[in-house]
Amino acid sequence: MSDQAQQSQVPSLPPAEPTDGTAKRAHKFPLTLHRSGQYCKKIRGKMYYFGKDRQEALRQYHLHASSLHAGKGKQANPETTLTIKDLCNLYLDYQNKQLAGKQIRWAHFCDQKRYLAVFLAYVGPDTPVSDVKTLTLQDFRSKLIEDGLAADTINNRLRALRAVYNWASDNEILEKTPNLRAIKGMKTKSIERQTFTPDQVRAIFALAGPQMRAMILLGLNCGFGCTDCAEMRWDHLNLDECRIHYPRGKTEVERHLSLWPETVEAIKAIPRHSELVFYTKYGNPWVQKDTPGKYPDRALSKEFKKLLRKARIATDKGTGFYSLRRTAATIAAQTGDAFAVQGILAHADLTMASKYVQRQKLTRQTEHAIEHTREWLGLNDATPERSSPAPGE
């Protein structure tokens, strides 16, 4: 089944409008306490009551919400008539509120919707939730494996299902869920992604226009990806001091980074039109993500791939502008300093930075650490210094 057909299984939700007022309302309790003591909600002009117990009222609302908002009234037996499509839509509605409250990113919301559409296409959208058992999820996992999907792709789709059922359980929408621990993820292998050589970077740089040159340098200097460049504002920059202060949107980790003189000069060559540093020739941001139900439009990726073709650089699948960030991380990791790599990449922890460092042959740093312990023990004067370098130095 095509991606378009799969996505049609889950009705499109209205785009989130993350205004300040919406963001503040997004996480409020959806029901109102009536003077009678019952929790209620006005839906399609009619008031519905869900009982006096706060948690049970919330549970009853979620069970009936899909039917009420569709104008069908309360379901006679929601425990058995709630379909898997209803459950997914309730979860996506919650995710949409998370998006409005800026708790998740648009790309994450689109991913969740796409992954759940694949599952709905497999089990059938009208299948009652009560009919989806642990074996159903295991069969779905087996089908993904048979389709030859990558381990990461399979794990992402299973992770989305776990999120739905965990959310439904936490909010008491379902009293019983499949045994999620029995749906094991796939073991993944560390893949060496392609990075660029200095000669390749120079070849690309020579063909690039002023904006692309600046963004290429930011990719190598600061480990920036497409969205980082597209959302960078002039007030993030202090060009007089060759510095940038720019929190990473994905992790909210602060970045206080120095800029190369070449990067500063390339940025100064960009005309200042508005608050963003970079705009396409049509006056749009290089990454647009306001299209409901679709991935962000990454004009920057498309333009960079054109440069790769013009430079006649052979690339592996998945190699693009983001590979500049991987190149920056790989070269920085050769210092052996995982904390410095983390600072450049702005990851929330050292996990990924450590992986970059572990891939390097850090003979010099390893020998230094060994000698440091020897000095601590006071043996540095007891043994003649090694005259020949360590292997690999």
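Student: Which residues form one aromatic cluster?
Tutor: In this predicted model, local features need pLDDT of at least 70 and side-chain atom pairs count only at pLDDT 80 or more, while totals for chains, interfaces and linings use all residues. Residues are numbered from 1 along each chain as its sequence is written, and side-chain values use heavy atoms, without hydrogens and water. Rings of Phe, Tyr and Trp (its six-membered ring) pair if their centres lie within 6.5 Å, and one such aromatic cluster is formed by Tyr91, Tyr94 and Trp167.

Student: What share of the chain's residues is buried?
Tutor: A residue is buried under 20% relative accessible area, exposed over 50% and partly exposed in between (1.4 Å probe, protein chains only). Of the 393 residues in the chain, the buried share is 40%.

Student: How many aromatic pairs does the structure hold, and what is the centre-to-centre distance between Phe50 and Tyr61?
Tutor: The structure holds 11 aromatic pairs. Phe50 and Tyr61 make an edge-to-face pair (planes over 60 degrees apart, against under 30 for stacked and the rest for tilted), with 85° between the planes and a distance between centres of 5.8 Å.

Student: How many residues apart in sequence are the parts that this pair of Phe50 and Tyr61 ties together?
Tutor: Phe50 lies in the loop between strand E3 (46-49) and helix H3 (54-69), whereas Tyr61 belongs to helix H3 itself. Phe50 is buried at 6% relative accessibility, and Tyr61 is likewise buried, with a relative accessible area of 6%. Because of where the two residues lie, the pair ties together parts whose separation in sequence, in residues, is 11.

Student: What angle do the planes of Phe119 and Phe140 make?
Tutor: Phe119 and Phe140 also form an edge-to-face aromatic pair, whose centres are 5.0 Å apart. The angle between their planes is 75°.

Student: Are H9 and H10 roughly parallel or roughly antiparallel?
Tutor: The axes, which are lines fitted to C-alpha atoms over the stretch in contact, with angles running from 0 to 180 degrees between N-to-C directions, are 9 Å apart for helix H9 (residues 198-207) and helix H10 (residues 210-222), and the packing angle is about 155°. Angles under 35 degrees count as roughly parallel, over 145 as roughly antiparallel, 65 to 115 as roughly perpendicular and the rest as oblique. The relation of H9 to H10 is therefore roughly antiparallel.

Student: Which residues of H10 take part in the contact with H9?
Tutor: From H9, the contact draws on Val201, Ile204, Phe205 and Ala206. On the H10 side, the residues are Arg213, Ile216, Leu217 and Leu220.

Student: Which residues does Thr263 contact, leaving aside its neighbours within four places in sequence?
Tutor: Thr263 is part of helix H12 (residues 261-268) and is buried, with a relative accessible area of 0%. Its contacts are Leu217, Leu218 and Asn221.

Student: At roughly what angle do the axes of H14 and H15 cross?
Tutor: Helix H14 (residues 322-333) and helix H15 (residues 338-345) have axes that come within 9 Å. The two helices are therefore roughly antiparallel to each other, and the crossing angle is roughly 160°.

Student: What is the phi of Arg312?
Tutor: Arg312 is placed in the loop between helix H13 (299-310) and H14, and at 77% relative accessibility it counts as exposed. Its phi is positive, in a residue other than glycine, and lies near 55°.

Notes. Helix = DSSP H or I, 4+ residues; strand = E, 2+ residues; numbered from the N terminus. Contact = heavy atoms within 4.5 Å.
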